[in-house]
Amino acid sequence: MNRSNTSASFDIVHVILDIIFLAIAFLLSVLFFGSGVDANEWRAITSIYIVGCVIFLMNNRTSQIYNNTLFFYVDRIIRRETLSFFIAVVCGEIIYFNCINDRNFGSTFFWALLAITYVLILLEILIFQRLIDIIIKRKHVPRCVYVGSKDSYNKFRYFLNKTPLIVNEIGYVSYDDDDSIEYIGKLSDLEEIIRKYNIDQVYIMQKRDMDITYIQKYIDLCIEMGVTCRVIVDIFRRRRCYTYNSSVGTYPVLTYHTVTLNNWEKVLKRVFDICFSLFAIVLTSPIMIITAIAIKLDSKGPAIFKQVRVGKNGRHFKIWKFRSMVQDAEERKNELLELNEVKDGMMFKMQDDPRITKVGKFIRKTSIDELPQFFNVLFGSMSVVGTRPPTIDEVEKYSTHQWRRISIKPGITGMWQANGRSSIKDFNEVVELDVEYIDNWSPLLDIQIIFKTVAEVFMSKNSY
């Protein structure tokens with residue numbers, strides 16, 4: 001028998017319902033609008049529709065819509081299936097315009113087909129749960145018992161009811177010798193309970209202070225009897241992070257994370273960084289050439305300033321900027337530490353820093369000094385949007401909470417730069433803005449920050 005669990009959470013009933021509704025949409029379109037389509041054109045029309053349906057179903061699978069542990073919020077499912085429908089339509093149109101000689105054939109029919117299909121998709125979503133109940137019936141639903149405190153299951157059952165999963169709850173089993181009427185028995189009598197109530201599945205709520213060896217014998221009992229045992233892990237508090245379950249070989253893995261781990265999101269951000277940095281380098285190359293010449297004429301020293309900064313999770317890299325200070329600025333920094341305007345000295349900011357050159361004052365105010373950092377972005381040590389790259393001595397002072405701000409790549413701009421820049425003098429506020437960015441990252445947020453930063457630069461606000 002195949003015991004692979006790769007599709008254990010795959011909702012085949014939902015897939016079948018999608019196929020049925022897509023077929024009904026096509027039949028209704030043919031019935032009411034198909035009279036104007038030539039008989040020779042039906043093969044092409046049917047082929048394009050089938051291809052579109054396959055793309056729709058595949059994109060639904062990629063979007064986790066067919067994962068029966070996904071919370072079935074109607075608005076969420078509508079958004080995801082609408083995106084899948086749009087992608088399928090675009091692909092169908094590409095086939096239509098590239099493979100069909102007569103570009104005008106069946107145009108009215110196609111518009112009707114798209115409208116009817118989308119309406120039926122929405123209708124299916126709205127009545128999905130009811131359809132599942134009708135198709136599966138309660139007598140085919142697994143008979144389950146819950147082991148643990150009845151109160152401890154309230155939150156779990158709340159989440160369970162948000163999914164398409166359907167279980168037949170037979171009752172609760174207590175860990176101890178609680179014989180109150182709200183329990184059908186105690187854990188020590190699990191075998192008798194399974195026999196008496198014809199149980200298919202046992203859910204065990206693992207307590208935080210519980211030794212796994214205590215419940216191991218009951219897991220073994222379920223395995224020996226051929227009853228599915230599900231252990232609900234509640235031994236760690238989630239706190240401020242995301243979690244997901246996976247496995248490596250035969251080992252289940254529970255992952256806690258605060259940064260995005262989705263590969264497609266990482267690829268999307270990296271592709272955006274490469275394209276944006278290349279565009280910015282080409283666009284600003286005349287400005288960078290003029291700036292380099294002006295710096296050389298204004299003061300002694302190289303035009304480009306290189307400094308070791310701290311990147312993702314403590315990695316070191318060399319940041320490139322146009323030199324805006326005198327050549328011995330780092331040596332003179334200790335003399336000015338008492339004038340630092342940032343509380344606790346976690347980073348150095350000073351409005352009228354005497355080390356800044358004449359050209360340096362202008363390029364700092366306009367942020368031209370940061371243009372060489374697009375090369376850092378292009379080569380992968382930085383991102384266009386991220387957190388401010390700190391110096392080594394700053395990171396050495398970080399607390400545990402503050403270290404979190406370097407859990408992603410540093411950026412040329414970020415929440416701090418787009419929401420006050422140098423006007424924010426409390427480092428804890430900088431950390432909170434960075435953490436807010438990490439927790440809420442999305443491609444759209446990056447674009448918003450870029451636009452806000454550009455606005456800040458053009459208005460010459462809060463920069464020195």
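Reader: Which residues does Ser174 touch, leaving aside those up to four places away in sequence?
Author: Ser174 touches Tyr183, Gly185, Lys186 and Leu187 on that basis, where contact means heavy atoms within 4.5 Å. The model is a predicted one, in which local features need pLDDT of at least 70, side-chain atom pairs count only at pLDDT 80 or more, and totals for chains, interfaces and linings use all residues. Residues are numbered from 1 along each chain as its sequence is written, and side-chain values use heavy atoms, with hydrogens and water left out.

Reader: Is Ser174 buried or exposed?
Author: Ser174 counts as buried because its relative accessibility is 3%. Buried means under 20% relative accessible area, exposed over 50%, and partly exposed in between, with a 1.4 Å probe and protein chains only.

Reader: And where is Ser174 placed?
Author: Ser174 is in strand S2. Strands (E, at least two residues) and helices (H or I, at least four) are DSSP runs, numbered from the N terminus.

Reader: How is S2 joined to S3?
Author: S2, residues 168-174, runs parallel to S3, and two bridges join them. Two strands pair if DSSP finds at least two bridges between them. Within S3, Gly185 is the bridge partner of Val173.

Reader: What is the strand order in the open sheet?
Author: The order of the five strands is S3-S2-S1-S4-S5, with parallel pairing. S3 (185-186) and S5 (228-233) are the edge strands, each pairing on one side only.

Reader: Turning to the helices, how do the axes of H1 and H2 cross?
Author: Their axes come within 11 Å and cross at roughly 150°. Therefore H1 is roughly antiparallel to H2. Axes are lines fitted to C-alpha atoms, for helices over the stretch in contact, and angles run from 0 to 180 degrees between N-to-C directions; under 35 degrees counts as roughly parallel, over 145 as roughly antiparallel, 65 to 115 as roughly perpendicular and the rest as oblique.

Reader: Which residues make that contact?
Author: Among them are Leu22 and Phe26 of H1, and Ile45, Tyr49 and Phe56 of H2.

Reader: Which residues have the most contacts inside the largest nonpolar core?
Author: They are Leu22, Phe26, Ile45, Tyr49, Phe56, Phe109 and Ile121, in a core of 30 residues. Such a core is a set of buried Ala, Val, Leu, Ile, Met, Phe, Trp, Tyr and Cys residues joined through side-chain atoms within 4.5 Å.
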